[in-house]
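This report walks through the strands, a helix and the aromatic contacts of one model. Please keep the structure open beside the text while reading.

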Amino acid sequence: MPVMHRNVRYNCRVIFLNRRILLIRPKMALANEGNYRELRWFTPWSRSRQTEEYFLPRMIQELTKQETVPFGDAVLTTLDTCIGSEVCEELWTPRSPHVDMGLDGVEIFTNASGSHHVLRKAHARVDLVTMATTKNGGIYLLANQKGCDGDRLYYDGCAMIAMNGSIFAQGSQFSLDDVEVLTATLDLEDVRSYRAEISSRNLEASKVSPYPRVKVDFALSCHEDLLEPLSEPVEWKYHSPAEEISLGPACWLWDFLRRSQQAGFLLPLSGGVDSAATACLVYSMCRQVCEAVKDGNREVLADVRTIVDQPSYTPQDPRELCGRILTTCYMAGENSSRETCDRAKELAQQVGSHHLGLNIDPAVKAIVGIFSLVTGKSPLFAAHGGSSRENLALQNVQARVRMVVAYLFAQLSLWSRGARGGLLVLGSANVDESLLGYLTKYDCSSADINPIGGISKTDLKDFVQFCMESFQLPALQSILVAPPTAELEPLASGQVSQTDEEDMGMTYAELSVYGRLRKLAKTGPYGMFCKLLVMWKDVCTPRQVADKVKRFFSKYSINRHKMTTLTPAYHAESYSPDDNRFDLRPFLYNTRWPWQFRCIDKQVLQLERRQQDLEGVD
């Protein structure tokens, strides 16, 4: 809760019991990197182990019958134990408050967290909590936000209760339930006996500065608890990355759909892996909605009835629900193949979407015709003798026409069927294509939201394989084995002549490596070259590594301007190039990188001379 104290705004936990406020605990470590700018709004409380009087607003005084309450860094002492609070980011800091609180006798730590989902992140959360209680003993209660933040993040729950290094209760990681309560019955004497045996901990505890204590006339235990059965440790059940993708972005889509008050989604379905993965996510969302309704979730039932505009409707079959809220559209052109059309149609039938097929050639020819009428010039594809500029422009016209058509059908396709409302347009550009800029600005990658925009091509393929097996969607088999293609250049003898990896000049696997080194390792061209020399020493020569790094940074910097218009995407990957809040960088670079590339060339020459000298000795 935001609280203004002495004209300074703090991010706080307000702890209350039986209509009385016990303590206002301001956050001491603010998240100010990656997706977060907490320092823009709040000031951290920097006075460790100190409290002040906070004068309550009059409207609160009337409710609590209190004039002032403690404000600051303190702990609560009940009749039977001592309870301390951490707030979100404080668990992740090098000097977390739970360390000194535990040394000062706090036995129960509570953390109200706002930790967003990233693929494979659950391991880090569990490790932090279990290690906190392994070294110092104690009980740790981690509660985490659930749902979409109205932006690119999804908070995935994952609440837990741990004691002395073991997990005793695990909450669901992804769920359509707005609220979940997690409980465990634990023995405080287990904490005390555990701590008493750690000599090094007790030596540190004897020197720690005490926390201010707020006395609370309340007990968590009573004499009758003697016969209560204690909770047993449980083994944490982790989702595979493919399962995480099937659940997290699907929940995010549901939150966006119900809160935007739209009637469904429109997805341009190309017959490739990316748009197929997006269709599978909507289908997964429909499965979760049906399961939630079957389990008695009244909020989900009310929301789905509002979306489909039928007060008595109860979803039971995911395919049937998908037909109501997902419209897919295959937009053929003269460069489209029969195979991609068939793959798109077959997948649409299996997930149950309302599928449309249309041809964009009349619109493309009309636009190119306007250019020819004005200039007297007719651009040609490279395959027909045109220049690279002509070739690229003709590809971009097709891509941008698809975006215009997608929005037209999103607005009017339900109207044409006599139904109310409009549709949210879904994009399907993956994180690797966005990083390199392998997309047309304002093409059909431009949409309202993009559920796969933070997911790598490698993870998407694993997810599609998972859907094929778990959701019984055999149409995905042919989509998986087909080479990724934009289908914007002329066919060769009726067959696709253009592939993504050939266009990019690098593989999707290589792109994931470049992305992690650029964002996570914070490397520029020379730093990336140095790291890849070691990583790829068995498959590439130094000169080959240099060429790959230069090609990546040249294309990345040329296309960085496209990041400013990326469709808002589900944040699932730590190397996302999202320019809105996560990866804040310039979008005008010196694309020749003269100093960095010279350093790389100099190092390559030195390595080659050294290799020649060694061969001469042999």
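An open sheet of seven strands runs in the order 13-12-9-8-7-6-14, and its pairing is mixed; two strands count as paired if DSSP finds at least two bridges between them, while the elements themselves are DSSP runs numbered from the N terminus, helices being H or I of at least four residues and strands E of at least two. Strand 13 and strand 14 (213–215) stand at the edges with a single partner strand each, so one side of each has no neighbour in the sheet. Neighbouring strands of this sheet are turned against each other by 20 degrees on average, direction ignored, where axes are lines fitted to C-alpha atoms (for helices over the stretch in contact) and angles run from 0 to 180 degrees between N-to-C directions.

The model is predicted: local features need pLDDT of at least 70 and side-chain atom pairs count only at pLDDT 80 or more, whereas totals for chains, interfaces and linings use all residues. Residues are numbered from 1 along each chain as its sequence is written, and side-chain values use heavy atoms, with hydrogens and water left out.

## Strand 12 and its partners

Strand 12 (residues 160–163) is covered on both faces, with Met160 and Ala162 buried on one side and Ile161 and Met163 buried on the other; buried means under 20% relative accessible area, exposed over 50%, and partly exposed in between, with a 1.4 Å probe and protein chains only. Strand 9 (residues 139–144) pairs with strand 12 in the antiparallel sense over four bridges, and Ile139 stands opposite Met163.

Strand 12 is also joined by four bridges to strand 13 (residues 166–170), again running antiparallel, with Met160 opposite Gln170. Two residues lie between the strands of this hairpin, in which Asn164 takes a positive phi near 50 degrees. At strand 14, by contrast, the pairing with strand 6 (residues 75–77) is parallel over three bridges, and Lys215 is the bridge partner of Thr77.

An open sheet of four strands, with parallel pairing, has the order 17-16-15-18. Strand 17 and strand 18 (424–425) stand at its edges, each with a single partner strand, so one side of each is left without a neighbour in the sheet. Strand 16 and strand 17 pair over six bridges in the parallel sense, and the bridge partner of Ala332 is Asn359 in strand 17.

Helix 10 (residues 338–351) has 14 residues and reaches 20 Å from its first C-alpha to its last, close to the expected 20 Å, which is 1.5 Å times one less than the number of residues. Its buried residues, including Arg343, Leu347 and Val351, pack against helix 7 (273–294), helix 9 (318–325), strand 16 (326–332), strand 17 (354–359) and helix 15 (475–481), contact meaning heavy atoms within 4.5 Å. Just after helix 10, Gly352 takes a positive phi of about 95 degrees.

## Aromatic contacts

The whole structure holds 21 aromatic pairs; rings of Phe, Tyr and Trp (its six-membered ring) pair if their centres lie within 6.5 Å, with planes under 30 degrees apart counted as stacked, over 60 as edge-to-face and the rest as tilted. Tyr10 and Trp45 form an edge-to-face pair, at 5.6 Å centre to centre and 70 degrees between the planes. Tyr10 lies in strand 2 (residues 8–17) and Trp45 in the loop between strand 3 (20–26) and strand 4 (51–55), so the pair ties together parts 35 residues apart in sequence. Tyr10 is buried at a relative accessible area of 9%, and Trp45 is buried at 4%.
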